[in-house]
Amino acid sequence: MPLSKRPTLTQFLIEQRRRYPTATGDFNALILDVALACKAIARSVSHGALGDMLGNHGDDQASINVQGETQKKLDVISNDIFIKSNEWGGHLAGMASEEMDGPYPIPKNYPQGKYLLVFDPLDGSSNIDVNVSIGTIFSVLRAPQSVIDAGREVVSEDFLQPGAQQVAAGYALYGPTTMLVLTVGTGVYGFTLDPNLGEFKLTHEKIQIPADTQEFAINASNSRFWEQPVKRYVDECLAGKTGPRAKDFNMRWIASMVAEAHRILMRGGVFLYPRDTKDPSKAGRLRLLYEANPIGMIMEQAGGRASTGREAMLTVQPTELHQRIGLVFGSKNEVERIERYHAEPSPAQDDANPLFSERSLFRD
Ligand code: AHG
Ligand code: MN
Ligand code: MN
């Protein structure tokens, strides 16, 4: 397709909006502010060591975020960029982020809007210092009517909405190219940043994930903590052609969920960061509101599936802003198979399953 035939993100949003003559334009303006923030983050990321962008944010307790994780300089820079880019426009009532303990209400000197923005400013931060792909994940919710009517300040409870209520979700990927992948509930669209224009241009229309795959992604160093259905699934993949799946599988682990999600959108696959027994106080590694739900909406909009292993991710009622959850997503038939394994009564079967009793590579 010649360059001129590719609509910019702005053109795409305007054309989508024509279908809704009553739309005010607030939503489009919000997405464009988000896209601008992603471009600014991409620019910071691309400077790396040249811009003194690598390493930890500080040397003391001040650099530990509410998750108990060490903040990188770029985590903090990206969070600031997102806030500055999105607080002034009058589209938002509040924001919440991985890097902030509580919700961020819109300062009183700016008009308050009707949406909430939830984000992981930089996903895969362990990869920042080693020049591996990282990204930004975002989710747009409607502010509760009580916030809009009373103009009151947002509180954590306002954000505790099931993923099915997301108005839009997306991510930016800072890889060999910078991409913005977006769904507004009408399929998934991918935009590539044209470095000459500084504009996102539509390059991937109506992305669809193949229902079947021969590729899985999981951090196998946690295998001793996995629950039985996950062990069973991975064992069957590893058994390959000679096992019950009767086909060989390939494995990947980037440790940037956003990059794994993108690979899966492009060529299929399944990603698991399941609930495990590593730390009983944590129901999983990844966070429901700004990791699992937005990626879940994108997967479902692309014909894939996202799940806790036990139920559809988008139906989970959140209970906390920074809630962690087991996450499985990708090619539909694989995710459904993993859900089936969770639904089946399990421990007694182990002895009957030669893969587990004799040959398991992941036995406790
Ligand atoms: P974040 O950098 O936002 O804290 O998220 C990192 C997440 C996710 O991107 C990735 O899949 C996972 O952590 C990697 O975890 P392990 O180091 O346990 O593999
Ligand atoms: Mn993350
Ligand atoms: Mn992060």
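The donor residues of the manganese ion (ligand 2) follow the sequence spacing D-x2-D-x167-E. Those donors are Asp120 (OD), Asp123 (OD) and Glu291 (OE), and they coordinate the ion at 1.9 to 2.1 Å. Asp120 lies in strand S3 and Glu291 in helix H7 (residues 288-301), so the pair ties together parts that are 171 residues apart in sequence. Donors here are N, O and S atoms within 2.8 Å of the metal (3.2 Å for Na, K and Ca); water is not among the atoms, so sites may look incomplete. Helices (H or I, at least four residues) and strands (E, at least two) are DSSP runs, numbered from the N terminus.

Keep the origin of the model in mind. This is a predicted model, in which local features need pLDDT of at least 70 and side-chain atom pairs count only at pLDDT 80 or more, while totals for chains, interfaces and linings use all residues. Residues are numbered from 1 along each chain as its sequence is written, chains are lettered from A and ligands numbered from 1 in the order in which they are written, and side-chain values use heavy atoms, with hydrogens and water left out.

Now turn to the other manganese ion, ligand 3. Its protein donors are Glu98 (OE), Asp120 (OD) and Leu122 (O), at 2.1 to 2.2 Å. Their spacing in sequence is E-x21-D-x1-L. Which residue bridges the manganese ion (ligand 3) and the manganese ion (ligand 2)? Asp120 does, and the two ions lie 3.6 Å apart.

Buried means under 20% relative accessible area, exposed over 50%, and partly exposed in between (1.4 Å probe, protein chains only).

Next comes ligand 1. It is surrounded by 18 residues, and the closest are Asp123, Ser125, Asn219, Met257 and Tyr273. A residue is near a molecule if one of its heavy atoms lies within 4 Å of it. The shell divides into seven nonpolar, four polar and seven charged residues. In this scheme Ala, Val, Leu, Ile, Met, Phe, Trp, Tyr, Cys and Pro count as nonpolar, Asp, Glu, Lys and Arg as charged, and the others, Gly among them, as polar.

Where does the shell come from? Strands S3 (115-123), S11 (270-273) and S12 (286-287) each supply at least two of its residues. S3 gives the most, with three. Domain 1 (3-204) and domain 2 (215-356) each provide at least three residues. Those bounds come from an automatic or database domain assignment.

Look at the oxygen atoms of ligand 1. One is 2.8 Å from a polar backbone atom of Met257. An oxygen is 3.0 Å from an N or O atom in the side chain of Trp253. An oxygen is 3.3 Å from a polar backbone atom of Leu122. The protein covers 87% of the 470 Å² of accessible area that ligand 1 has on its own. Accessible areas come from the Shrake-Rupley method with a 1.4 Å probe.

Met257 leads on to helix H6 (residues 257-267). Nine of its eleven residues are buried, so H6 is largely enclosed by the rest of the structure. Among them are Met257, Glu260, His262 and Arg263. Gly268 follows H6, with a positive phi near 85 degrees.

Finish at Pro280, in the loop between S11 and S12. Pro280 counts as exposed, at 79% relative accessibility.

Conventions. A polar contact is a pair of N or O atoms within 3.5 Å; within protein, one must be able to donate a hydrogen and the other to accept it, and residues adjacent in sequence count only if both atoms are side-chain atoms.
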